[in-house]
Amino acid sequence: MQVSTTRFGDIEVDAASIVRFDEGPLGFPAAVSFVLVDVEQNEDFFWLQSLDDPDLAFLAAVPWPFFPEYEPELPDELRDRLAIAD
């Protein structure tokens, strides 16, 4: 599907790559659908682009280059809801 964004222009989004949240980020309750957009020439960063608001995108980072010991702990209930085995 084709999506228009302020920052990246029109981008092609595979429906399988859409990330949906039950609730939008703090301050953006209506923004619940996002897609990850790569930052060119940098594998450690990406944009979390809202599909609900073409003006909204958050810069995000892969944590391990900055915090090598990072190991998030998820409660069993959340792990089950996300279908994460490991």
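The lining of the largest pocket comprises five nonpolar residues, three charged residues and no polar ones. Here Ala, Val, Leu, Ile, Met, Phe, Trp, Tyr, Cys and Pro count as nonpolar, Asp, Glu, Lys and Arg as charged, and the others, Gly among them, as polar.

The model is predicted: local features need pLDDT of at least 70, side-chain atom pairs count only at pLDDT 80 or more, and totals for chains, interfaces and linings use all residues. Residues are numbered from 1 along each chain as its sequence is written, and side-chain values use heavy atoms, with hydrogens and water left out.

**The largest pocket**

A pocket is an open set of points on a 1 Å grid over the protein atoms alone, where a 1.4 Å probe fits, with protein on both sides within 12 Å along at least five of seven lines; lining residues have an atom within 4 Å of a point. The largest pocket holds about 300 Å³ of space, a volume being the space filled by probe spheres set on the points. Its lining includes Val19, Arg20, Asp22 and Leu78. Helix H1 (76-82) contributes the most, three residues.

**The strands**

Helices (H or I, at least four residues) and strands (E, at least two) are DSSP runs, numbered from the N terminus. Two strands pair if DSSP finds at least two bridges between them.

| Strands | Sense | Bridges |
|---|---|---|
| E3 (residues 19-20) and E4 (residues 33-39) | antiparallel | two |
| E4 and E5 (residues 42-50) | antiparallel | six |

Arginine 20 stands opposite serine 33 in E4, while phenylalanine 34 faces serine 50 in E5. E4 and E5 form a hairpin with two residues between them, and glutamine 41 in the turn has a positive phi of about 60°.
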